[in-house]
Amino acid sequence: MTLNSMSLRSLDMPAESEPELLCILGTGDLGRSLGERLLQSGFRVVYGSRRLHGGSPLLSDPRVQVTSHEAAAQSANIIFVCVHREHYEFLATMRNHLQGKVLVDLSNNLKKDMYPEANAVYLQRLVPKAAVVKGLNTLSAWALQNGLLAGKQVYLCGDSAEAKQAVAQMATKLGLSVLDKGSLSAARELEDFPLKLFPEWRLPLSVALGLTAFFFFYLLIRDVIYAYVEKKDEISYRIMVSLANKVFPIVALIMLSLCYLPGAIAAFLQLYRGTKYSRFPNWLDRWMVSRKQMGLVALGFAFLHVTYTFIIPIRYAVRHKLISRIKKNKTTPFRFDNTEAWGTDSFVTLGILGFFLFVLLGITSLPSVGGSLSWREFNFIQSKLGHLTLFICTAHGYVYGWNKFLLPSTYKWYTPPGFMLCLIVPSVVLVLKGILLLPCVDRTLTLIRQGWERTQPK
Ligand code: HEM
């Protein structure tokens, strides 16, 4: 297939006097949002539409032309097809106008395997003399309208390398980062991407579910069943608040530490291998990319813990205990214990500080906030403040249990309490981070990350 070589060569040229003209077929939500973004990135836009006067203010913009499908397609070299697959037939009637053009197929389907062949393959069959590129279909009209594109990864595939290059250059100007997925046979895979349900949330949610289930049953046995079997105490009501208020912070703390563990593992791997150029194992890659979601799930659990903590005084069981003490006129002399007061005040203060930093981390991980920070600022908050948050929340757990660690009654049926178990992973992460901060280790790691490689003895 030969493309309009004039047009593609012009893409490689430096500054042109007139901005490049791009064609969009379709004036629906997606077409309009894409057009707006293209205009803002310095392109000119021509719409091909059946209705030549749309109601949208964009279509009345003097920088925008709206004309017939044929005339629009004739005037540009890159043509975005923003219509549903069911309406593609009209493109077959325009074959002559589309010869040598780059057709970008942005379509998606409502469910998997809706049609025997991918939309882009079908389009290529309808217009064999054009170069079809499947891509940008993971961008929603909403993301385009709100300009949430910086650094966002998009995928392309197609049989013509020139056409893909032209589309990739255009996408880069929009601030997108482009990944070439190969020939048009990958189109089906690309069309399935938007149909995946929260793929990057799957791992964090499974971890959260697994930890919640484990600690729920562990604490149920230790706190409720133990009391019933050993003391004939019926305290099953504790499941609702007390038990939940143990499970939630435990899961929050472990998951927060799981956000920082893969970074430490990756650093030790690089130190061991003496290079940054070998690939990490797949499981580590997957873990790394789900850190943000892991952190947000952890934040959700921390929120639950804080909410549950503040309702403790209004619980029936707590009020009943207080009232019955007063009614019985218990006059046990109250001895003020300064150490105990220091302990509780410190642990609550650490909790509040930890939670504050945790919320700050969550807010900066939102694209709209993170996007407004420089890379150094973002890195500072997510790494330095992140480790500080982990340190403070772990300290909250340690101070909470400071007088319980050595009490034999803590180890019901010889099992350690939940808060002790949940301190293991965060403590390991903090120790590993401490080792990585040692000047000799930090220096070597920085060198490796700057590209230096340790030569292997032959
Ligand atoms: C336990 C308060 C934030 C982790 C507790 C307890 C209180 C408390 C009162 C004892 C609960 C009980 O006796 O059942 C607070 C306050 C916070 C806060 C006021 C902030 C406003 C956090 C955060 C984390 C955390 C951000 C970690 C991500 C823990 C852990 C326990 C705990 C692991 C031990 C749970 C257990 O009893 O096994 N916190 N906390 N807390 N908190 Fe917090």
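**Ligand shell, mixed sheet and selected residues**

Five helices each supply at least two residues of the shell around the ligand: helix 11 (244-273), helix 13 (291-311), helix 15 (338-364), helix 17 (375-400) and helix 18 (418-421). Helices (H or I, at least four residues) and strands (E, at least two) are DSSP runs, numbered from the N terminus. The model is predicted: local features need pLDDT of at least 70, side-chain atom pairs count only at pLDDT 80 or more, and totals for chains, interfaces and linings use all residues. Residue numbers start from 1 along each chain as its sequence is written.

Helix 11 gives the most to this shell, with 7 residues. There are 25 residues around the ligand. A residue is near a molecule or strand if its C-beta atom, placed from the backbone, lies within 6 Å of it. P249, G351, F355, C393 and F419 come nearest to the ligand. By class, the shell has 15 nonpolar, 9 polar and 1 charged residues. Here Ala, Val, Leu, Ile, Met, Phe, Trp, Tyr, Cys and Pro count as nonpolar, Asp, Glu, Lys and Arg as charged, and the others, Gly among them, as polar.

An open sheet of 8 strands has the order 3-2-1-4-5-6-7-8. Its pairing is mixed. The edge strands are strand 3 (64-67) and strand 8, each of which pairs on one side only. From one strand to the next, the twist averages 25°. Two strands pair if DSSP finds at least two bridges between them.

Strand 5 (residues 102-105) pairs with strand 6 in the parallel sense, over 4 bridges. Within this pair, V104 stands opposite V133 of strand 6. Strand 6 (residues 131-135) and strand 7 (residues 153-158) run antiparallel and are joined by 3 bridges. Here the bridge partner of K134 is C157 in strand 7. Strand 7 then pairs with strand 8 (residues 177-180) in the parallel sense, over 4 bridges. V154 has V178 in strand 8 as its bridge partner. L156 stands opposite D180, also in strand 8.

From strand 7 the chain crosses through helix 8 (residues 161-173) to strand 8. This β-α-β crossover is right-handed: with the strands pointing away from the viewer, the path from the first strand over the helix to the second runs clockwise. Helix 8 lies across strand 4, strand 5, strand 6, strand 7 and strand 8, and runs at about 165° to strand 7. Helix 2 (residues 29-40) lies across strand 1 (21-25), strand 2 (44-48), strand 3 and strand 4 (78-81). Helix 2 runs at about 160° to strand 2. Axes are lines fitted to C-alpha atoms, for helices over the stretch in contact, and angles run from 0 to 180 degrees between N-to-C directions. Two residues are in contact if their C-beta atoms, placed from the backbone, lie within 7 Å.

Most residues other than glycine have a negative phi. L136 is not a glycine, yet has a positive phi of about 60°. L136 is found in the loop between strand 6 and helix 7 (141-145). L136 counts as buried because it has 23 C-beta neighbours inside 10 Å. A residue is buried if 20 or more other C-beta atoms lie within 10 Å of its own, exposed if 12 or fewer, and partly exposed in between, with C-beta atoms placed from the backbone. K232 also has a positive phi, near 55°. This residue is found in the loop between helix 10 (202-231) and helix 11. K232 counts as exposed, because it has 7 C-beta neighbours inside 10 Å.

Two further positions were considered. W342 lies in helix 15. W342 is exposed, because 12 other C-beta atoms lie within 10 Å. W342 and V399 are 57 residues apart along the chain, and their C-alpha atoms are separated by 9.8 Å. T410 is placed in the loop between helix 17 and helix 18. With 15 C-beta neighbours inside 10 Å, T410 counts as partly exposed. Not counting residues up to four places away in sequence, T410 touches K404 and P417. T410 and I79 are 331 residues apart in sequence and 70 Å apart in space, C-alpha to C-alpha.
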